[in-house]
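Please consult the sequence and the structure shown below alongside the text.

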Amino acid sequence: MFKTFTKTCLIAMVAMLFAGCQIHQTIIQEDGMDQAVKSENKTNTSSKKNYANNSHLSNSNKNVQVTKEYMRIAKDQENNVTTQYSLEGTINSLATQMMRNQKMATNKPVIITSFVRLDQFKKTTEFGRVISESMINELSNRGFNIIEFRGQLAVSVNDEGEYFITRKVRELKGRTPNTYVVVGTYSRQYKKIILNARVIDNITGKIITSARSTYVHGRMNDCILFGDCKPARTINIVKEQ
């Protein structure tokens, strides 16, 4: 009987030891699985962060490249469109830029006013009048419906010639059709003149199209262009006493 009891105890102890090993092994396995899951989650989180960072860098780089392309086009426009070295080229540039806007593809009448000084909208010069007169020619040749609103009610005649256009308001027609109006300004800069032109709907005030050009004349003093050179210094000549 004692032997049977001892044998039973030994079997029970072995069973307990085996069960303990199994539990320990299970705990180790579960712990290992937890560590693996945590490691995988950490890796996934890191991958997501890297992806987000790479995506942000990719988008930033794309924006830079697009901006560089815009700057390249702007530089190309400056060199070939908006910067001119002759007055004829400047006028042609303004007219061409306005023609490129598809909003101007219309038979609506267009009148052209004198280009004025940027700082004084009610003051112009022969330069401003030359620009506007030349724009009449350029835009008319490009198919725009240009209206000469300075025509008198009749042709006037004197000993020196015959006249139809005038700047005397009392001799002009009282009204013009619903039109687009071309206005322009110029600004005198060192060795260059910056010109801006735009077409305005005279009813709504909406800008239909616009253009700008820089006339690089290279002169240190542009007074000859504007006829405002200071008179030469004079001295009095007197009889010696």
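**Arg188 and its surroundings**

Arg188 is partly exposed, with a relative accessibility of 35%. The model is predicted, and the side chain of Arg188 takes part in a salt bridge with Asp222 and in another with Asp228, described below.

**Salt bridges of Arg188**

- Between the side chains of Arg188 and Asp222 there is a salt bridge, with an N to O distance of 2.7 Å.
- This pair connects distant parts of the chain, since Arg188 belongs to strand β6 (residues 180-189) while Asp222 sits in the loop between β8 (207-216) and α4 (223-226), 34 residues apart.
- Asp222 has a relative accessibility of 8% and therefore counts as buried, the limit being under 20%.
- Arg188 also forms a salt bridge with Asp228, and here the closest N and O atoms are 2.8 Å apart.
- Because Arg188 lies in strand β6 and Asp228 in the segment after α4, this second pair ties together parts that are 40 residues apart in sequence.
- Asp228 is partly exposed, its relative accessible area being 39%.
- Through shared partners, the salt bridges join Arg188, Asp222 and Asp228 into one network.

**Salt bridges elsewhere**

- In total, the structure holds seven salt bridges.
- Side chains of opposite charge can pair when their charged atoms come close.
- One of the seven salt bridges is formed by the side chains of Arg72 and Glu69, at 2.8 Å from N to O.
- Both Arg72 and Glu69 belong to helix α1 (residues 2-82), where they are three residues apart, or about one turn of the helix.
- Arg72 has a relative accessible area of 47% and is partly exposed.
- Glu69 likewise counts as partly exposed, at 38% relative accessibility.

**Thr179**

- Thr179 is located in the loop between β5 (161-165) and β6.
- With a relative accessibility of 1%, Thr179 counts as buried.
- Apart from neighbours within four places in sequence, Thr179 contacts Lys108, Pro109, Ile111, Ile200, Asp201 and Asn202.

- One cavity of 30 Å³ or more is found in a search of the whole structure.
- The largest cavity contains about 30 Å³ of space.
- Its lining consists of Ile111, Ile112, Ile136, Ile146, Ile147, Glu148, Phe149 and Arg150.
- By class, the lining of the largest cavity comprises six nonpolar residues, no polar residues and two charged residues.

**Overall architecture**

- The chain contains four helices and eight strands.
- Along the sequence, these elements follow the pattern α-β-α-β-β-α-β-β-β-β-β-α.
- Of the 241 residues in the chain, 24% are buried.
- Among contacts with a separation of 6 or more, 56% involve residues 24 or more positions apart.
- The chain exposes about 18300 Å², of which 56% is supplied by carbon and sulfur atoms.

Terms used
Residues numbered from 1 in each chain as written. Predicted model: local features only at pLDDT ≥ 70, side-chain atom pairs only at ≥ 80, totals over all residues. Heavy atoms only, no water. 1 Å grid on protein atoms, 1.4 Å probe; cavity = no way out; pocket = protein on both sides within 12 Å on 5 of 7 lines; lining within 4 Å. Points joined across faces, edges and corners; volume = space filled by probe spheres on them. Nonpolar A, V, L, I, M, F, W, Y, C, P; charged D, E, K, R; others polar. Salt bridge = Lys/Arg side-chain N within 4 Å of Asp/Glu carboxyl O. Helix = DSSP H or I, 4+ residues; strand = E, 2+ residues; numbered from the N terminus. Buried < 20%, exposed > 50% of the residue type's maximum accessible area, 1.4 Å probe, protein only. Contact = heavy atoms within 4.5 Å. Areas by Shrake-Rupley, 256 points an atom, 1.4 Å probe, with all protein chains shown as cover.
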